[in-house]
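Thanks for coming, everyone. I have one structure to walk you through today. Let me put it on the screen.

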Amino acid sequence: MPGIFEIICIVTSLVVIFHYYMSRTFNFWKNLGVEGPRPLPLFGNVIDIMLRKKIMAEYLIELCKTYEDKPYFGIYIRSTPILVLKDPQLIKSVLIKDFSCFPQRNLSVTEKVEPLSQHLFHLEADKWKPLRNKLTPAFSSGKLKEMFPLVKECAKHLEQYLDNMPDNNIVEIYELMGRFTTDVIGNCAFGIEMNALADDNSEFRRMGREMFRSGLKRDLREGLRTSFPKLYNQLSFLFDYSHLTKFFLNIVKETMEYRKKHQYIRHDFINILMELREQPHKLGEEVELTDSLCAAQAYLFFGAGFESSAWTMSNVLYELAQNKDIQDRVRQEIDEVFEENEGTILYESVNKMKYLHAVFQETLRKHSPVWGLFRKCVVPSYTFPDTDLTIPKNQKIVIPIYGMHHNPNIYPKPLVFDPERFLDENNSAINDSTYFPFGRGPRSCIGERFAMIQSKVGLASFLRNHQVDVCDKTEIPYPIRQSAFLVHPKRGIYIKVSKIK
């Protein structure tokens with residue numbers, strides 16, 4: 001039996017070894033001459049995030065202010081060094097000019113646990129590029145115009161839902177907009193009229209809630225997947241994604257089989273996937289379009305399409321409820337467009353609503369659905385232009401969307417909702433290196449134009465005959481939570497909705 005002295009020595013040695021292991025990288029940024037907050041063993045700089053006292057979006061805003069005169073700063077997520085870029089020209093180099101050096105996000109495909117993680121957002125560059133090139137036509141102007149009647153039909157359902165509500169009704173608008181965008185995505189991606197607005201138990205809506213449900217268990221799972229993806233795959237028996245996986249696999253497979261059997265053609269996302277499966281040579285040898293890979297792309301289109309648009313539409317209405325003069329001006333523009341087209345809205349009308357577009361853009365600035373952009377260096381080393389900073393291969397980079405969009409040097413009074421920033425004569429300072437709610441460069445959001453169309457048509461239909469106001473349940477500002485790369489309201493967004501007399 002070892003004595004007390006030997007036990008103390010063993011415990012001390014283990015503590016020293018553990019401390020060294022967890023802090024072994026903590027001189028990385030100092031050696032490169034990069035400033036940043038002092039890290040703590042085990043936590044790095046994210047102890048408040050891990051303890052759920054803050055979310056990363058808010059923390060990066062604070063750090064951007066602390067290092068406002070620096071083009072970049074370094075942080076540690078646990079023991080991993082992360083470079084945070086603030087300088088617009090360096091951001092442009094990473095996202096656009098030198099994209100070939102940074103084609104990959106700092107994300108992992110964990111197909112053993114999550115077969116649906118094999119989508120465009122996660123895929124590594126060699127698989128992402130051919131798939132992205134072939135899926136891009138699904139969102140061309142011609143395809144969007146073909147889908148426009150489906151979006152209008154869903155907007156009509158939204159109008160009917162609002163007309164049937166009691167007047168001066170207190171509405172949790174985030175849930176309502178989630179139902180609307182779920183209907184749109186179901187129609188335009190899967191060819192299914194699900195009417196989530198009328199059906200509280202819509203299976204698609206339930207799956208949507210499941211995809212973005214928060215909690216300590218999810219946070220721990222996300223941390224393990226991000227930091228230790230190989231271990232995460234080995235522990236697949238601990239995580240059950242079977243219900244989500246089966247749902248999307250079955251619906252994509254059954255839809256394809258039905259269309260092939262009945263020679264039914266519908267110009268939507270599923271049809272694009274079917275065409276690619278029938279002509280696999282178009283994707284090259286790197287990509288085999290299996291059932292699970294097809295389902296993964298549909299899963300991404302559904303999740304990103306309904307959630308980010310629901311968030312943005314909710315925030316447009318939330319800001320308009322607080323700014324009645326802006327709301328009145330938007331409604332006047334909408335009325336003019338509908339009057340020009342005999343009481344309806346056309347595909348060409350969407351781009352004519354310049355002020356609604358400015359409101360939409362300002363909402364995305366102030367309330368971006370995504371808190372950051374992630375990239376990883378794939379070349380042996382990279383020196384940032386006009387700097388002395390050289391980073392090694394596999395260095396991880398974060399571009400803080402919230403930090404940039406709330407930078408007072410770019411956007412004066414960033415907490416003020418001011419659509420005038422985005423009117424043509426005022427937006428010279430807003431460009432592809434200072435404004436990127438959908439990302440920028442080759443790896444930007446493939447569904448950006450679709451998201452804009454469904455959101456604007458839905459908002460126009462909403463505001464044409466209804467107005468929004470704050471109420472006793474409206475939180476200003478409201479607290480937000482984080483789910484992986486997206487942000488959400490912590491307790492919903494409540495506003496009063498009334499009919500225009």
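I'll go through a sheet, a hairpin, the core, the salt bridges and the cysteines.

Some ground rules first. This is a predicted model: local features need pLDDT of at least 70, side-chain atom pairs count only at pLDDT 80 or more, and totals for chains, interfaces and linings use all residues. Residues are numbered from 1 along each chain as its sequence is written, and side-chain values use heavy atoms, with hydrogens and water left out.

Start with the sheet. Helices (H or I, at least four residues) and strands (E, at least two) are DSSP runs, numbered from the N terminus. Two strands pair if DSSP finds at least two bridges between them. Here, three strands make an open sheet, in the order S3-S11-S8, with antiparallel pairing. Which strands stand at the edges? Strand S3 (169–172) and strand S8 (466–469) do; each has a single partner strand, so one side of each is left without a neighbour in the sheet. From one strand to the next, the twist averages 40°. Axes are lines fitted to C-alpha atoms, for helices over the stretch in contact, and angles run from 0 to 180 degrees between N-to-C directions.

Look at the S3 side. S3 pairs with strand S11 (residues 494–499) over four bridges, in the antiparallel sense. Glu-172 sits opposite Tyr-494 in S11. Contact means heavy atoms within 4.5 Å.

Next, the hairpin of S9 and S10. These strands run antiparallel, and four bridges join them. Ser-483 stands opposite Leu-486 in S10. The hairpin has two residues between the strands, and Ala-484 takes a positive phi near 55°. Which way do the S10 side chains point? Leu-486 and His-488 point one way, Val-487 and Pro-489 the other way, and all are buried. Buried means under 20% relative accessible area, exposed over 50%, partly exposed in between, with a 1.4 Å probe and protein chains only.

On to the core. A nonpolar core is a set of buried Ala, Val, Leu, Ile, Met, Phe, Trp, Tyr and Cys residues joined through side-chain atoms within 4.5 Å. The largest one has 147 residues. Those with the most contacts inside it are Leu-83, Leu-85, Phe-190, Phe-248, Phe-384 and Phe-462. Helix H14 (291–322) gives the largest share of this core, 17 residues. Take Phe-384 as a case. Not counting residues up to four places away in sequence, Phe-384 touches Leu-83, Leu-85, Leu-90, Val-94, Leu-389, Ile-391 and Ile-397.

H14 turns up again around helix H6 (residues 125–135). The buried residues of H6 are Ala-125, Trp-128, Pro-130, Leu-131, Arg-132 and Leu-135. Their cover includes helix H13 (269–278) and H14.

Now charges. A salt bridge is a side-chain nitrogen of Lys or Arg within 4 Å of a carboxyl oxygen of Asp or Glu. How many are there in the whole structure? The search finds 14. Here are three of them.

First, Lys-54 and Asp-48, at 3.8 Å, N to O. Lys-54 is partly exposed at 25% relative accessible area, and Asp-48 is partly exposed at 26%. A network of salt bridges links Asp-48, Lys-54 and Glu-62.

Next, Glu-420 and Arg-329, with their closest N and O atoms 2.9 Å apart. Glu-420 lies in the loop between helix H17 (401–405) and H18, and Arg-329 in helix H15 (residues 324–340), so the pair ties together parts that are 91 residues apart in sequence.

Then Glu-475 and Arg-491, at 2.7 Å, N to O. Glu-475 is in the loop between S8 and strand S9 (480–483), and Arg-491 is in the loop between strand S10 (486–489) and S11, so this pair ties together parts 16 residues apart in sequence. Arg-491 is partly exposed, at 48%.

Last, the cysteines. A disulfide is a pair of cysteine sulfur atoms within 2.5 Å. By this rule the count is zero. Take Cys-188: the closest cysteine sulfur is in Cys-154, 6.4 Å away, too far for a bond. Cys-188 is buried, at 0% relative accessibility. Cys-471 also counts as buried, at 17%.

That's the tour.
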